[in-house]
Amino acid sequence: MTALGKAFLFAVLVFLYLPVAVLVAMAFNASPLYALPFEFTLHWFEALSGNAKLIAATRNSILIALLTTVIATTIGSLAAVALSRRRFRGRTLLQLLLLPPIAIPWLIIGTAMLVFFFWTGIGRGLHAMVLGHVALAIPYVVLVVGAGLNAQRIDLEEAAMSLGSTPRHAFFAVTLPLLMPSLVAAALFAFAVSLDQFVVSYFLATPGVSTLPVEIYTSIRKGFTPEVNAVSSLLLGASMVLIVVFARLSGMGGVGGRR
Amino acid sequence: MSEPQGAAPAPRSLRPGTVTALLVAPAYAWLTLAIFLPLVAMLVFSFLTVAPFGNRVAEFTTTHYLVFFNRPYLVEVALRSLALGAWTTGICAAIGLPAALALSRAFRGRTRELLFFLVILPFWTNGLVRVFSWTMVLRENGILDDAVRVLWPAAPSFGLLYSQPAIVIGLVHAYLPYMILTCYLSVVAIDDAVLEAAKSLGARAPVVFWKIVLPLAAPGLIAGSVLIFVPVIGSFMEPRILGGKAGVTIGTVIEDQFTQAFNWPLGSALSFIMLAVVLVIFAVFSRALRGRLTAS
């Protein structure tokens, strides 16, 4: 049974990784028609450096992701502190309100934003995408930072105060340093959510201002070339690095694997 | 950011209620502006005859909600989307539960942690890129055809790309990690002693599976199914890329209303009908989930 289980899991991993491996391999293959045999080249990556549209889109993606990270981590963490450390009326409601941005399909959220932003004159473009991405990232930040706060022993903060520390000092000297890994993890998560976001960006992009995933989608619809593989590989690599770092910081790799 | 920074350390002059309000206000104001008000705006839109831009005069109407009665092809598209959701969810369950069992029973310690991480890693990478990768595998004379021809040189081309199976394959690939994750969290908690006890009392493997493993894994299966079914019925990028002309779903119809046909009120109404379906699913299964948890 055990051998069978191992073989099955191996097959599942092949299924999950094989297409992605093919995508990356084809980014290094000389044939523009994805033909085999494989012939190594860096031509498609070089071609990227001359593609002004993709470069502009990449710059937009990174800019939006950075702004999203800073804003969502800041205001999300403040909310997390209130939600996990304070007891007040409406707390459960506020926690429930974090679910819609996660649970409602992005297609619905994206089109709703398009309607509202267009109607109110907020419009589309970079600022609209930042507005949208931050909203999508906030619930995750609150959850990650909230989990970090709940894992902390509240008596440490109380001990500091009973030893004469002010609440303000106790927060900055005890709670915040202990919370640092969670904050960094939340920031990375927010960055990844924004960098990979396609659906919402797609509806808020304008012909002149788009992001990397939107540009990739447009290229795929037009007919694909290995250049799309090259840029996709770069995006893939970036999010994998982010998540590996995130996993190390938050201990996610060990979920359930503990003990 | 000067205002929230000042709020965190709580000067003594502020009342606790004020501090709490200051802490939560920025996040929830943002969510209101970017999520809740847009949903309200879309609800309003869905009852208008035309989009009220320029000097067009919009009037109240329920036509867009009755569209399923006027345009039978939409019923067909909606049913096809639900079928797509059912196939994807079913296949994910059929692969995900055994994979979760294998992961939790056949591996230990660091290896298990690493494999678990490998299973959920793809899920954090760009979905669009992963769907795109299947076009290279499935297209005529693609990698799948090449692989088959290694074994059988005269094999005809599968040419699966631009078909319903291609969409299902891409969606299963996209959402399988969800199912493995939720099932794993359920089955990893099953005590080995329970399984041993059943076996020593004479239960055969299928009986152990149906009577012990499946009921205990049910919360994971249900959670995974909801998490997969909901986004799948709202998918539009996977059907577009892998389905081509065959890939008309309610998601692509909605996208068309906003990007091609510019019938925003109709698109809004279709979005809300889908949202209603989603909410019903959540309502039904949250009860089922909770019922299970309290029963056990």
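A residue is called buried if 20 or more other C-beta atoms lie within 10 Å of its own, exposed if 12 or fewer, and partly exposed in between, with C-beta atoms placed from the backbone. The model is a predicted one, in which local features need pLDDT of at least 70 and side-chain atom pairs count only at pLDDT 80 or more, while totals for chains, interfaces and linings use all residues. Residues are numbered from 1 along each chain as its sequence is written, and chains are lettered from A and ligands numbered from 1 in the order in which they are written.

Chain A has 12 helices and 0 strands, where helices (H or I, at least four residues) and strands (E, at least two) are DSSP runs numbered from the N terminus. The C-alpha atoms of chain A fill a box of roughly 70 × 60 × 30 Å along the principal axes, and buried residues make up 45% of the 259 residues of this chain. Among contacts in chain A between residues at least 6 apart in sequence, 76% join residues at least 24 apart, a contact being a pair of residues whose C-beta atoms, placed from the backbone, lie within 7 Å.

Two regions of chain A show how its helices meet. The axes of helix α8 (residues 154-162) of chain A and α9(A) come within 9 Å and cross at roughly 130 degrees; axes are lines fitted to C-alpha atoms, for helices over the stretch in contact, and angles run from 0 to 180 degrees between N-to-C directions. The two helices α8(A) and α9(A) are therefore oblique to each other, given that angles under 35 degrees count as roughly parallel, over 145 as roughly antiparallel, 65 to 115 as roughly perpendicular and the rest as oblique. On the α8(A) side A:Leu156, A:Glu157, A:Ala160 and A:Met161 take part, and they meet A:Pro167, A:Ala170, A:Ala173, A:Val174 and A:Thr175 in α9(A). By class, this contact of α8(A) with α9(A) has 7 nonpolar, 1 polar and 1 charged residues, where Ala, Val, Leu, Ile, Met, Phe, Trp, Tyr, Cys and Pro count as nonpolar, Asp, Glu, Lys and Arg as charged, and the others, Gly among them, as polar.

Further along, in helix α11 (residues 212-222) of chain A, the residues A:Leu212, A:Pro213, A:Val214, A:Glu215, A:Ile216, A:Tyr217 and A:Ile220 are buried. The buried residues of α11(A) pack against α3 (52-85), α9 (167-196), α10 (199-204) and α12 (226-250) of chain A, and also against α6 (127-138) and α11 (237-243) of chain B. Just after α11(A), A:Gly223 takes a positive phi of about 120 degrees.

The two chains meet where 76 residues of chain B are in contact with 71 residues of chain A. Helix α2 (residues 16-45) of chain B gives the most to the side of chain B that touches chain A, with 18 residues, and the residues of that side divide into 59 nonpolar, 12 polar and 5 charged.

Within chain B, helix α5 (residues 109-120) and α8(B) pack at an angle of about 145 degrees, with their axes 8 Å apart. This contact is made by B:Phe116, B:Val119 and B:Ile120 of α5(B) and by B:Pro177, B:Ile180, B:Leu181 and B:Tyr184 of α8(B), which by class amounts to 7 nonpolar, no polar and no charged residues. B:Ile91, in helix α4 (residues 72-106) of chain B, touches B:Val168 and B:Val172, again not counting residues up to four places away in sequence. With 18 C-beta neighbours inside 10 Å, B:Ile91 counts as partly exposed.

Two loop residues of chain B deserve a look at their backbone. Most residues other than glycine have a negative phi. B:Tyr162, in the loop between α7 (143-151) and α8 of chain B, has a positive phi near 65 degrees, and B:Phe262, in the loop between α12 (250-259) and α13 (264-295) of chain B, has a positive phi near 50 degrees. B:Tyr162 is partly exposed, with 18 other C-beta atoms within 10 Å, and B:Phe262 is partly exposed with 13.
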